[in-house]
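Please examine the fold shown below. The paragraphs that follow lead from the chain as a whole to particular helices and residues.

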Amino acid sequence: MGRKAGTLYINPRNFGSLQKPCAKEMVSFLNCLTLNHNKDEKCGRQKSLLSTCMEAQSGKNRKPWGSINYHLQRLSRGRK
């Protein structure tokens, strides 16, 4: 399925450099699991850091906005 000609489109991959919360904590937890052959009882510190970071992120009441392309299409409908 392709896009209609003349519609607005932004490649979401270009926004990959935006902030990714808890990325460092997740990588450190996964590295610990790899080093300890998937035994998470040895990675308690990393697991607790990851869970506290995730809880802090879920505490923010963010509304799901949908993708940027959805909103571009929605706004361009009003211009015609």
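Among the contacts in the protein chain with a separation of 6 or more, 53% are accounted for by residues 24 or more positions apart. This is a predicted model, and its protein chain has three helices and zero strands. Of the 80 residues of the protein chain, 12% count as buried. The accessible surface of the protein chain comes to about 7,400 Å², and 56% of that surface belongs to carbon and sulfur atoms.

The next topic is the packing of two helices. Two packed helices are described by the angle between their axes and the distance between the axes. For α1 and α2, the angle is about 155° and the axes are 9 Å apart. Because angles over 145 degrees count as roughly antiparallel, α1 and α2 are described as roughly antiparallel to each other. Their crossing, in which α1 passes α2, is left-handed. On the side of α1, the contact is made by Glu25, Met26, Ser28, Phe29 and Cys32; on the side of α2, it is made by Gln46, Lys47, Leu49, Leu50 and Cys53. By class, this contact of α1 with α2 has six nonpolar, two polar and two charged residues.

Where does Ala23 lie? Ala23 lies in helix α1, which covers residues 23-35. The relative accessibility of Ala23 is 29%, so this residue counts as partly exposed, a class that falls between the limits of 20% for buried and 50% for exposed. Ala23 and Cys53 are 30 residues apart along the chain, and their C-alpha atoms are separated by 9.6 Å.

Most residues other than glycine have a negative phi. What is the phi of His37? The phi of His37 is near 55°, a positive value in a residue other than glycine. Asn38 has a positive phi of about 60°, although Asn38 is not a glycine.

Technical notes: Residues are numbered from 1 along each chain as its sequence is written. This is a predicted model: local features need pLDDT of at least 70, side-chain atom pairs count only at pLDDT 80 or more; totals for chains, interfaces and linings use all residues. Side-chain values use heavy atoms; hydrogens and water are left out. Helices (H or I, at least four residues) and strands (E, at least two) are DSSP runs, numbered from the N terminus. Buried means under 20% relative accessible area, exposed over 50%, partly exposed in between (1.4 Å probe, protein chains only). Contact means heavy atoms within 4.5 Å. Accessible areas come from the Shrake-Rupley method with a 1.4 Å probe; for residues, only the protein chains shown count as cover. Axes are lines fitted to C-alpha atoms, for helices over the stretch in contact, and angles run from 0 to 180 degrees between N-to-C directions. Angles under 35 degrees count as roughly parallel, over 145 as roughly antiparallel, 65 to 115 as roughly perpendicular and the rest as oblique. A crossing is left-handed if the near helix is turned anticlockwise from the far one by less than a right angle, and right-handed if clockwise. Ala, Val, Leu, Ile, Met, Phe, Trp, Tyr, Cys and Pro count as nonpolar, Asp, Glu, Lys and Arg as charged, and the others, Gly among them, as polar.
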